[in-house]
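Let's take a friendly walk through this model, starting with its pocket and moving on to its charged pairs. Please keep the sequence and the 3D view at hand.

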Amino acid sequence: MIRYELSNEQDKLDLNALFEEAKPYFNEVEGRDPLPPLIDINKIIPEIPKDKCHCLSIFYKDKLVGWIWIFDESDDCYYILHMYIGLEYRQKGIAKKVIELLDEDYRNRGFSRSELLVSGSNYQGLKFWTGVGYDKITFIEAPEEGAVTSSVELGLSKKLR
């Protein structure tokens, strides 16, 4: 019922509609646009190797409902760069299930942890990420220290069990 797969050109129209939907929220809580789906990641984050970064389309009952950017940061850690689930599909357990599936897939590949960055002013995001096991703060960065948003950024980590 819930699955993800590598995003492709067939997903582009639906992904772009979700991206437009996501913009107001991200601009409000983070002071920036969300990371667009299906882009050349190096145009936004030049230091990330393209072959280790993946945009995944999220499906619920075979309907595309969101996307997630994953960076295989090291041999034992995957990093979530960005995730968005469409407003119409929230509160259905989709995002939680996607994280469970990702954790299982990466654990089966020998990964032992996952990390991400969340805006300190993104209450919904903080509540969600801590709720799915991101229980360690790895760093805190203010905008004047180089944070990528207009608010304090929190680095979160979890062990894959």
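The largest pocket has a volume of about 1200 Å³. Here a pocket is an open set of points on a 1 Å grid over the protein atoms alone, where a 1.4 Å probe fits, with protein on both sides within 12 Å along at least five of seven lines; lining residues have an atom within 4 Å of a point. Points are joined across faces, edges and corners, and the volume is the space filled by probe spheres set on them.

This is a predicted model, in which local features need pLDDT of at least 70 and side-chain atom pairs count only at pLDDT 80 or more, while totals for chains, interfaces and linings use all residues. Residues are numbered from 1 along each chain as its sequence is written, and side-chain values use heavy atoms, with hydrogens and water left out.

Back at the pocket, 44 residues form the lining, and Phe26, Met83, Asn122, Gly125 and Trp129 lie nearest the centre. At least two lining residues come from each of α1, β4 (77-85), α2, β5 (113-119) and α3 (123-131). These helices (H or I, at least four residues) and strands (E, at least two) are DSSP runs, numbered from the N terminus. By residue class, the lining holds 26 nonpolar, eight polar and ten charged residues. Ala, Val, Leu, Ile, Met, Phe, Trp, Tyr, Cys and Pro count as nonpolar, Asp, Glu, Lys and Arg as charged, and the others, Gly among them, as polar.

Now for the charged pairs. Side chains of opposite charge can pair when their charged atoms come close. With a salt bridge taken as a side-chain nitrogen of Lys or Arg within 4 Å of a carboxyl oxygen of Asp or Glu, the count comes to ten. Three of them are set out here:

| Salt bridge | Closest N to O |
|---|---|
| Asp40 and Lys50 | 3.3 Å |
| Asp103 and Lys158 | 2.4 Å |

Asp103 in helix α2 (residues 94-108) and Lys158 in strand β7 (residues 153-159) are 55 residues apart. Are they buried or exposed? Asp103 is buried, at 8% relative accessible area, and Lys158 is buried too, at 4%. Buried means under 20%, exposed over 50% and partly exposed in between (1.4 Å probe, protein chains only).

Asp40 is partly exposed at 29%, as is Lys50 at 48%. Arg3, at 31%, is partly exposed, and so is Glu5, at 33%. Arg3 and Glu5 also belong to a network of salt bridges with Asp62.
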